Amino acid sequence: MIDKNQFLEFAISKFTKFGSKRFTLDDLANELGVSKKTIYQHFSNKEAIICESLEFLLNKIKLEMFEGIAKEKSNPILAIILVYKIGLDHLKTFSPTFLFGLKKYYPKANDVFYTFRTEINTLILNLLIEAQNSGHIRKNVKIELTFELFLNQFELNIFLKHNLFETYSNQDLLQHLIIHNIRGIATEEFLQKNKKTLELFEK
């Protein structure tokens with residue numbers, strides 16, 4: 001069998017594209033040119049593969065987000081926008097049935113996703129608080145409420161009724177889901193100082 005990390009990367013690319021239930025272990029074995037018996041030498045069952053491959057992908061995404069935040073360490077609002085941009089870039093490769101199927105068929109894998117989601121949400125909240133303390137967000141803004149109303153569960157907003165990626169570009173979604181809401185709570189001083197940078201995100 002191929003290297004384990006290559007296997008996990010290949011497996012999660014198929015699960016996210018076709019749905020974890022629909023893409024079977026037979027499909028996985030056939031596409032890799034190995035037997036199911038070979039796969040079972042390394043994993044106890046399909047959910048174990050989904051859990052580990054999903055965790056592998058989410059750790060890569062998290063590392064990319066942390067690297068982006070490090071580049072914008074003096075500007076928490078731009079760090080927030082960058083985190084969502086990275087999230088959208090990856091989420092576009094997900095079939096809606098993958099995320100909804102986790103909760104229904106693979107609860108352990110669903111826990112992996114929601115642990116990641118909780119970590120990122122905590123990160124965003126802390127960046128929002130930092131931005132407000134730095135004078136980038138107006139003092140009268142209730143950070144937790146704003147987050148719950150506009151920035152939380154953005155993957156559900158994209159997939160809940162129909163797949164918005166089929167109609168809108170990543171740029172449109174980033175602008176309307178994130179940047180417009182950020183503009184609404186930012187101070188005028190921040191907006192003026194970062195006008196060109198914000199415009200670059202919107203192009």
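The model is predicted, so local features need pLDDT of at least 70 and side-chain atom pairs count only at pLDDT 80 or more, while totals for chains, interfaces and linings use all residues. Residues are numbered from 1 along each chain as its sequence is written, and side-chain values use heavy atoms, with hydrogens and water left out.

Reader: How many helices and how many strands are there in the chain?

Author: Helices (H or I, at least four residues) and strands (E, at least two) are taken as DSSP runs and numbered from the N terminus. Read along the sequence, the pattern is α-α-α-α-α-α-α-α-α-α-α-α, and the C-alpha atoms fill a box of roughly 60 × 30 × 30 Å along the principal axes. The count is therefore 12 helices and 0 strands.

Reader: What percentage of the residues of the chain count as buried?

Author: Buried means under 20% relative accessible area, exposed means over 50%, and partly exposed lies in between, with a 1.4 Å probe and protein chains only. Of the 203 residues of the chain, the buried part comes to 48%.

Reader: Which residues does Leu-128 touch, not counting residues up to four places away in sequence?

Author: Contact means heavy atoms within 4.5 Å, and Leu-128 is among the residues with the most contacts inside the largest nonpolar core. With residues up to four places away in sequence not counted, Leu-128 touches Ile-80, Ile-137, Ile-143, Phe-147, Leu-151 and Ile-185.

Reader: Which parts does the aromatic pair of Tyr-84 and Phe-154 tie together?

Author: Rings of Phe, Tyr and Trp (its six-membered ring) pair if their centres lie within 6.5 Å, and planes under 30 degrees apart count as stacked, over 60 as edge-to-face and the rest as tilted. A search of the whole structure finds 9 aromatic pairs, and one of them, Tyr-84 with Phe-154, is edge-to-face at 5.0 Å centre to centre and 80° between the planes. Both Tyr-84 and Phe-154 are buried. Because the two residues are 70 apart in sequence, the pair ties together helix H5 (residues 76-91) and helix H9 (residues 154-159).

Reader: In the aromatic pair of Phe-113 and Tyr-114, what is the angle between the planes?

Author: Phe-113, at 7% relative accessibility, counts as buried, whereas Tyr-114 is partly exposed with a relative accessible area of 30%. Their pair is edge-to-face, with 5.3 Å centre to centre and an angle between the planes of 85°.

Reader: What separates Asp-89 and Lys-85 in helix H5?

Author: The side chains of Asp-89 and Lys-85 meet in a salt bridge of 3.4 Å, N to O, and Asp-89 is partly exposed at 35% relative accessibility. An α-helix has 3.6 residues a turn, so residues three or four places apart point the same way. Being 4 residues apart in helix H5, Asp-89 and Lys-85 are separated by about one helical turn.

Reader: Which backbone oxygen does the side chain of Thr-187 reach?

Author: Thr-187 lies in the loop between helix H10 (170-185) and helix H11 (188-193), and at 15% relative accessibility Thr-187 counts as buried. Leaving aside neighbours within four places in sequence, Thr-187 is in contact with Gly-135, His-136, Ile-137 and Arg-138. At 3.1 Å, the side chain of Thr-187 reaches the backbone oxygen of Gly-135.

Notes: Core = buried A, V, L, I, M, F, W, Y, C linked by side-chain atoms within 4.5 Å. Salt bridge = Lys/Arg side-chain N within 4 Å of Asp/Glu carboxyl O. Polar contact = N/O pair within 3.5 Å; in protein donor to acceptor, adjacent residues only side chain to side chain.
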